[in-house]
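Student: Before we start, please show me the model. I would like to learn how to read its features one at a time.

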Amino acid sequence: MEFSIKQSIPEKQRSGCLVVGVYEGGKLTASAQILNKATKNALSDLVARRDIDGKSASTLLLHKLPGIAAERVLLVGLGKASEMNNKARIEILHATFSKLNATPAKDATLYLIEDGMGKDTGWAIRQTVFVATEHAFRADTLKSKPAKAASLKSITLATLEKPSSALKAILEYATATAHGMDLAKKLGNLPGNVCTPTYLASQAISLGKTHKSIKATVLEEKDMRKLGMGSFLSVTRGSEQPAKLITMEYRGTDKKHKPVVLVGKGITFDSGGISLKPGAEMDEMKYDMCGAASVLGTMQAIAEMGLKLNVVGVIPSCENLPSGTAVKPGDIVTSMSGQTIEILNTDAEGRLILCDALTYAAKFHPETVIDIATLTGACVIALGHVASGLLSNEEKLTKELLAAGEQAHDRAWQLPLWEDYQPLLDSNFADMQNIGGRAGGTITAACFLARFTKDYRWAHLDIAGTAWKSGKEKGATGRPVPLLTQYLVNLAQKS
Ligand code: BES
Ligand code: MN
Ligand code: ZN
């Protein structure tokens, strides 16, 4: 999908379809009024005849209106101006693109950004790009006969005044972010027999080939053994697929600037191991690499933007499977940090690979470290499928990530990381155990990671509830690429 933003005169604009808003009760937006005039009251007649009532996210498609250059006009209901909120805005965009994709129009011109969607034009631009890209996404590439792609190829965001360079930059960043989400979704949806640790490593290497600013390197199990990553290596013991530790270094500015390090959980299939999961919906554990996918997507997005900062992506990747050689409940392993861990449940494997990756991350002298992981089912219970869980050892970083989530409409919610929870991880035989019991499962998982991140500013995003959708709409969401990318954009603009 191509996007552009420009000043445009509604009645003169050549386009497969113009999209203009109508408020509940029939009040026309400024651009709808202009079209109404050019069409000798075609729109106000439709309102009078109650063909459109302006109810939020309702639509009416019109063909060949007299007096205008475009082939079609899509009227979109905006609801009551006083009731407009972000949820309504998103629904309006979904209704718009569902309708547009059902037409043969190759291009569309939207007058909604400044005219009906409220004051935050930047927010509206980002969401238009994200929703349009989502509607163009195809999840059926592995079917023998994939559905035909929609005809819509190009979107113009029309403004009534000349768009500022700031708005143009927002559009450019949103487009790169949407491409990053697409990559994260594509990788997330791939089955475990295709998307192995080796496959993820090859994706990183090809990202390094496409973007000169990215240097990708892959450590093998023998390298990890030398580094003493006994915790990470214990998880891969039951698998035939070799584990990989993938690193992508993005250089956008002088070496002297410390990087942000993103660490993504890359379990390409999580069966639970010897602590085997129940069978129902176990297929969804192919999504246990969505943290890794979000790191790849974010790295691609910032490279496409050419952001002026340094970022390192680190992905520990392996499978978690049972076998005669698999790690067992009760086994004690030594992490790269030297701390010993009693593995009481082999299904709490994410923290076991992340802890060594987080120790490894210190080698990059990070400004900040953020890990992203489908870490706990408890997070889905706590926050559902709306917000990602956020836990951090620094207040300022927490605020910045929460704000970026709001800006990108990829929201997170903070949970406490208080010392009071730490004793739940005490073990009789090792420095810690890998589970803290059912209560506060997301918090104790983060408390475990906190024992490996004492030397730097760190935040943990638990995306167990937000990285993919189940049921009829099963599929990866591309989250939290928008949040992470927005955070990095904000950081680059500050420095
Ligand atoms: N990958 C899972 C977490 C998960 C489960 C995400 C369901 C999304 C949906 C993780 O490795 C896991 O199995 N966690 C356990 C931890 C427990 C054993 C302490 C969990 O949440 O049950
Ligand atoms: Mn698990
Ligand atoms: Zn897992």
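**Surface, size and burial**

Tutor: Start with the surface: the protein exposes about 20,900 Å², and carbon and sulfur atoms supply 53% of it. Accessible areas come from the Shrake-Rupley method with a 1.4 Å probe, and for residues only the protein chains shown count as cover. This is a predicted model, in which local features need pLDDT of at least 70 and side-chain atom pairs count only at pLDDT 80 or more, while totals for chains, interfaces and linings use all residues. Residues are numbered from 1 along each chain as its sequence is written, chains are lettered from A and ligands numbered from 1 in the order in which they are written, and side-chain values use heavy atoms, with hydrogens and water left out.

Student: How many helices and strands does the protein have?

Tutor: Helices (H or I, at least four residues) and strands (E, at least two) are DSSP runs numbered from the N terminus. Here there are 14 helices and 20 strands. The radius of gyration is 25 Å, close to the 23 Å that the globule rule gives for 495 residues, so the protein is as compact as a globular protein of that length. That radius is taken over C-alpha atoms, and the rule is 2.2 Å times the number of residues to the power 0.38. Along the principal axes, the C-alpha atoms fill a box of roughly 85 × 50 × 45 Å.

Student: What percentage of the residues is buried?

Tutor: Buried means under 20% relative accessible area, exposed over 50%, and partly exposed in between (1.4 Å probe, protein chains only). By that scale, buried residues make up 58% of the 495 residues. Helix H13 (residues 441-450) is a case in point: 10 of its 10 residues are buried, so the helix is largely enclosed by the rest of the structure. Among them are Gly441, Cys447 and Phe448.

Student: How should I read contacts?

Tutor: Contact means heavy atoms within 4.5 Å. Among contacts between residues at least 6 apart in sequence, 77% join residues at least 24 apart. Thr133 is buried, with a relative accessible area of 8%. Not counting residues up to four places away in sequence, Thr133 touches Phe3, Ala178 and Asp182.

Student: Is Glu281 buried or exposed, and where does it lie?

Tutor: Glu281 counts as exposed at 57% relative accessibility. Glu281 lies in the loop between strand S10 (266-270) and helix H9 (290-305). Its phi is near 60 degrees, a positive value in a residue other than glycine. Phi of His409 is near 55 degrees, also positive in a residue other than glycine. His409 lies in the loop between helix H12 (395-407) and strand S16 (412-414) and is partly exposed, with a relative accessible area of 22%.
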